[in-house]
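Please look through the structure shown below with this report beside it.

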Amino acid sequence: MQALLKQLQHELVRYKAEKNSIETVFIGGGTPSTVPPKLYEPIFKLLKPYLQEASEITSEANPNSATDEWLQGMYNLGVNRISFGVQSFNETKLKTLNRAHNPQMAIKAVNTAHNIGFKNLSIDLIYATLGDTKELLEYDIATAFSLPINHLSAYALTIEEGTAFESKKEMAKEELELTEWLFKKIKAHSFEQYEISNFGTYHSEHNKGYWLYKDYIGVGAGAVGKRDTLRFYPNPIIENYIQNPLDIPTEKLSYEDIKIEKVFLGFRSCIGVSAELLNKEELQRAQLLCDEKKLTYSAGSFYNENYLLADEIALYLTS
Ligand SMILES: C[S@@+](CC[C@H](N)C(=O)[O-])C[C@H]1O[C@@H](n2cnc3c(N)ncnc32)[C@H](O)[C@@H]1O
């Protein structure tokens, strides 16, 4: 946390951050709920003058480590949104996912956060896992909506390198029909889908900031920052990061890099893709997709109706 603070001081200068200029803060991970609120105090003290009045300040948390004291401590620091890594309310599935919490701990943590005063609460669920059935997912959705949440993220299980699952690729099993059914179920609770994985009556400003390609400061081991056409990569190895938090390799983004990213982000979310970004051929293809009712066009931008087709549409358009 001291190394992170040092980097944050450096970045606020590098980004020429002005008072009241920071719109959102997102504390992610790893698992922020393993760090006692006291250790966040210096960071919030430094950030305070830069934060806009009603800035959205989110922290991720795991139910097993989001104690009442931790939640109260983060609330007192000014955190006004919690995203709980619940994954499922099915005991067996949680064990299969090697999660350290059980369904009761997840339900208690969300209710405790609500009672403390958090208005914006979100839970993460993982789907496309071996063993998923309509019954199991139906129970997860019903339990989720019995809780005081206004946002839900649903992620298809991906097998990440260097994780316990790397040798168990069969654990990730997506059936498109089940995924479409799951999305419909979530939307039936009037949670609008505003991105491939994100639903809510509340839309996360921080997430939208990424998709609108706004600049963001990334601090901490393994974080990523972006300013104009530069992307910054603080050292992902914690020991090295603590040794020298200002050793931050930088990537220069080309016009093409930025364009491709904007197209993918735009079609995966409610943000859409500006026609100005597209060249003549791409505009013709986009028009074709409009004729096929796969895209809509309004106020200078193209919008994707089916986020599950987002990457295909982006590839078709830009290749
Ligand atoms: C940045 S992660 C937060 C890390 C979190 N502390 C954890 O234990 O996974 C945000 C969410 O990503 C999802 N996630 C984590 N690993 C995943 C995987 N391999 N595939 C799909 N989603 C994953 C989980 O829903 C998690 O709550």
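## The cavity

The largest cavity is lined by Gln87, Lys93, Leu125, Ile126, Tyr127, Leu137, Asp140, Ile141, Ala154, Leu182 and Ile186. A cavity here is a set of points, on a 1 Å grid over the protein atoms alone, where a 1.4 Å probe fits but cannot get out, and a lining residue has an atom within 4 Å of a point. The volume of this largest cavity is about 50 Å³, where a volume is the space filled by probe spheres set on grid points that are joined across faces, edges and corners. The structure holds one cavity of 30 Å³ or more.

This is a predicted model, in which local features need pLDDT of at least 70 and side-chain atom pairs count only at pLDDT 80 or more, while totals for chains, interfaces and linings use all residues. Residues are numbered from 1 along each chain as its sequence is written, and side-chain values use heavy atoms, with hydrogens and water left out.

Strand β4 and the helices α6 (134–144) and α7 each supply at least two residues of the cavity lining; helices (H or I, at least four residues) and strands (E, at least two) are DSSP runs, numbered from the N terminus. By class, the lining of the largest cavity has eight nonpolar, one polar and two charged residues, with Ala, Val, Leu, Ile, Met, Phe, Trp, Tyr, Cys and Pro counted as nonpolar, Asp, Glu, Lys and Arg as charged, and the others, Gly among them, as polar.

## Around the ligand

Which residues come nearest to the ligand? Of the 15 residues around the ligand, these are Gly30, Gln87, Arg99, Asp124 and Thr158, where a residue counts as near if one of its heavy atoms lies within 4 Å. The residues of this shell divide into four nonpolar, seven polar and four charged.

An oxygen atom of the ligand is 2.6 Å from an N or O atom in the side chain of Asp124.

## The second largest pocket

The second largest pocket has a volume of about 190 Å³; a pocket is an open set of points with protein on both sides within 12 Å along at least five of seven lines. Helix α7 (residues 176–187) gives the largest share of its lining, four residues. Domain 1 (18–211) and domain 2 (256–318) both contribute lining residues, so this pocket lies between them, the domain bounds coming from an automatic or database domain assignment.

## Backbone details

Most residues other than glycine have a negative phi, and most peptide bonds are trans. A cis peptide bond, with omega about 25°, joins Gly29 and Gly30, and Gly30 is in the loop between β1 (22–27) and α2 (41–47). Asn98 has a positive phi, near 55°, and is placed in the loop between α4 (91–96) and α5 (103–116).

Definitions and conventions:
A polar contact is a pair of N or O atoms within 3.5 Å; within protein, one must be able to donate a hydrogen and the other to accept it, and residues adjacent in sequence count only if both atoms are side-chain atoms.
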